[in-house]
Amino acid sequence: MIVTRNLVRTYVKGDVVTPVLKGIDFEAQEGEFVAIMGRSGAGKSTFLYQMSLLDDPTSGEIVIGGHDTHHMSAQQKMKFRLEKFGYVFQDYALLPDLTAIENVALPLLMQGLDRIEAYTKAGDSLGRINLGHRLYSLPSQLSGGEQQRVSIARAVAHSPKILFADEPTANLDNISSRAVMDIFLDLHKQGQTIIMVTHEEEYAKLAQKLIHLDDGKVISSVQHPTMRDVKDAEKPI
Amino acid sequence: MLSPLNYRIGFFLAIRQIRRASLWTTGLIIFVMVLTFLNLVVVSGILVGLIQGSINAWRSEYTSDVIISTLDDKKYIENSTNLLELIKSIPGIESVSARYSEGGTLEANYKTRKDTDKANVAAAQIFGINPSDEQSATGLGDKIFEGSYLTSGDYDKVLLGYFLLSQYVPVDDPNLAALKNVGVGDKIRINVNGVIREVTVKGIIKSKVDGLTRNAFMLDSQFRSMIGRNDGNVDQIVMKLSPHADPINVRDALTLHGVDQYAKVQTYADAQPKFLKDIINTFNMLGAAFGSIGLIVASITIFIVVFINALTRRKYIGIMKGIGIHGRAVEISYVFQSAFYALFGSGIGLVLLYGLLVPAFIAHPIDFPFSDGILVAPLSDTLFRVGLLVFATLVAGYIPAWMIIRKNTLDSILGRN
């Protein structure tokens with residue numbers, strides 16, 4: 001489903017060269033729920049941005065659903081992100097001028113759905129995560145947990161091939177975090193591919209596969225991780 | 001990519017940003033646009049209006065809509081009688097006034113003057129008119145501010161332009177000699193080519209039209225005998241047209257009949273002094289210059305507003321691009337917002353202009369020494385300026401949006417420079 005080969009990302013600013021990813025080989029199958037862990041600065045988020053085509057690697061290959069993304073133009077990548085991916089960001093990333101339903105409907109409208117169809121789908125998506133009563137609330141009128149749920153509704157409303165989540169529970173309290181993870185597990189049960197960066201052990205162990213990154217490299221990959229695997233992933237090397 | 005979808009999304013975003021923006025900010029931007037619109041239209045409109053007021057007065061009080069006058073090398077209009085008959089057959093002419101005209105001198109206080117005293121005289125152009133015809137064509141009677149207008153039986157009576165009387169002349173200029181101590185009811189002597197007649201001042205004319213302020217008017221029948229013109233040939237014929245008749249058509253019809261062979265046929269516009277046309281062109285240029293400055297200020301204002309708006313929303317712009325919203329759609333949303341500000345501002349400006357300012361200037365013209373200044377704002381010119389304002393605003397809104405949107409998506413999301 002998604003494969004990276006010898007993925008390298010190096011940031012250059014003036015004379016300062018910062019290698020962040022140093023040749024990552026990775027594979028996730030369709031329907032898999034993958035958690036990526038590692039200490040701060042290990043390159044987790046950078047790796048997620050490469051896979052989700054938000055950033056271009058310095059070298060290496062990313063193949064998604066059989067498409068080699070290296071040769072895609074910026075426009076093709078944008079279209080790919082719109083149609084095939086869903087994103088959940090740490091800080092919810094909702095547009096402040098749009099209501100919950102408008103935030104969710106926006107990518108659907110961009111895909112060419114008419115207004116009624118887009119709003120119906122957006123309303124259904126919000127209803128599935130128990131936000132049917134908050135359709136017309138602005139982000140500023142929602143709690144952090146509600147905003148993150150709207151963000152998830154936006155990410156999955158168009159049934160993406162892959163859902164990328166970058167620290168989705170980092171800004172939430174325990175109850176809200178649990179609710180978000182329950183949604184992820186439900187989506188996973190329905191066959192949704194999820195790639196999630198997290199530093200929270202409790203939620204990482206819920207994933208089907210655990211990738212442990214350190215210093216820009218994958219140092220372990222574990223199927224059906226136990227709490228011990230998770231704790232190991234968080235330990236400094 | 002200028003696809004309809006990008007316009008649709010751009011409109012979707014723009015409407016919501018405007019609807020949920022601070023009322024104060026939106027109000028302030030629209031206020032700036034209204035001021036810019038008024039600066040564009042009103043400044044030049046008043047400048048041109050000062051002269052237009054003069055032209056309007058020249059037309060309504062002196063030349064009327066079409067004027068036939070003596071050729072430069074002739075003493076009077078030949079075949080005047082036949083010409084007046086011809087005029088009656090031209091459609092669209094509402095009223096006609098034929099005038100006799102000669103230069104002469106006016107003298108006052110001649111009975112009490114000692115031989116050693118300087119004569120109390122003033123030079124003037126003297127007109128012989130039919131009072132009722134002249135009233136119909138130019139409303140001369142409405143300009144009497146002391147005394148009264150002539151009637152058909154007013155022999156030995158005269159109307160004087162107020163600049164012929166020293167008490168009304170604003171400057172003491174030897175070239176503008178005026179009669180001293182003369183008012184309504186006083187007797188003066190008129191001397192035309194050596195023919196002298198004593199007349200009584202019946203009324204004083206006040207106007208801002210030069211053609212009236214230094215002229216004297218008396219009955220045509222009496223003046224005709226003074227100048228010895230018994231053949232019916234006159235010096236000027238002015239014609240007032242019905243409201244929908246075009247002066248150009250009437251001029252052309254007269255020319256077609258060969259009138260231009262023995263007289264000068266002009267519309268009111270043809271008869272305007274050249275200096276007035278030159279002043280209008282100059283004022284138009286000045287108005288355009290002031291308007292351009294206003295346009296630049298408005299463009300910079302919109303640029304700054306959109307730039308700050310887009311800069312503070314850079315993260316959200318990045319997120320939109322990240323989730324697949326086309327950058328062009330976001331750019332278009334800012335262009336729509338700019339268009340909204342420009343159109344709304346111009347709309348309010350149009351209402352203020354045609355609903356308030358133009359009627360106010362018509363009711364209360366600016367009192368300038370040489371004209372009653374009005375506000376000239378033809379709809380076609382105004383709409384052109386609205387188009388100019390909207391275009392400048394769209395460009396000013398697009399550029400900053402484009403500058404922010406072209407930045408790297410991930411850098412925008414993460415707030416990196």
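**Helix packing between the chains**

I began with helix 3 (residues 100–110) of chain A and helix 1 (residues 4–19) of chain B, which pack at an angle of about 165° with their axes 10 Å apart. Axes here are lines fitted to C-alpha atoms, for helices over the stretch in contact, and angles run from 0 to 180 degrees between N-to-C directions. That angle makes helix 3 of chain A roughly antiparallel to helix 1 of chain B (under 35 degrees counts as roughly parallel, over 145 as roughly antiparallel, 65 to 115 as roughly perpendicular and the rest as oblique). Helices (H or I, at least four residues) and strands (E, at least two) are DSSP runs, numbered from the N terminus.

A note on the source: this is a predicted model, where local features need pLDDT of at least 70, side-chain atom pairs count only at pLDDT 80 or more, and totals for chains, interfaces and linings use all residues. Residues are numbered from 1 along each chain as its sequence is written, while chains are lettered from A and ligands numbered from 1 in the order in which they are written.

Next I looked up which residues meet: Glu102(A), Leu109(A) and Met110(A) in helix 3 of chain A touch Leu5(B), Arg8(B), Ile9(B), Phe12(B) and Arg16(B) in helix 1 of chain B. Contact means C-beta atoms, placed from the backbone, within 7 Å. By class I got five nonpolar, no polar and three charged residues (Ala, Val, Leu, Ile, Met, Phe, Trp, Tyr, Cys and Pro count as nonpolar, Asp, Glu, Lys and Arg as charged, and the others, Gly among them, as polar).

**The wider interface**

**Inside chain B**

Chain B has twelve helices and twelve strands. I also checked helix 8 (residues 274–312) and helix 10 (residues 327–363) of chain B, whose axes come within 11 Å and cross at roughly 140°. That makes helix 8 of chain B oblique to helix 10 of chain B. Ile302(B), Val306(B) and Ala310(B) of helix 8 make the contact with Tyr334(B), Ser338(B) and Tyr341(B) of helix 10. Those residues divide into five nonpolar, one polar and no charged.

Last, I noted that the C-alpha atoms of chain B fill a box of roughly 100 × 50 × 30 Å, taken along the principal axes.

Conventions
Two residues are in contact if their C-beta atoms, placed from the backbone, lie within 7 Å.
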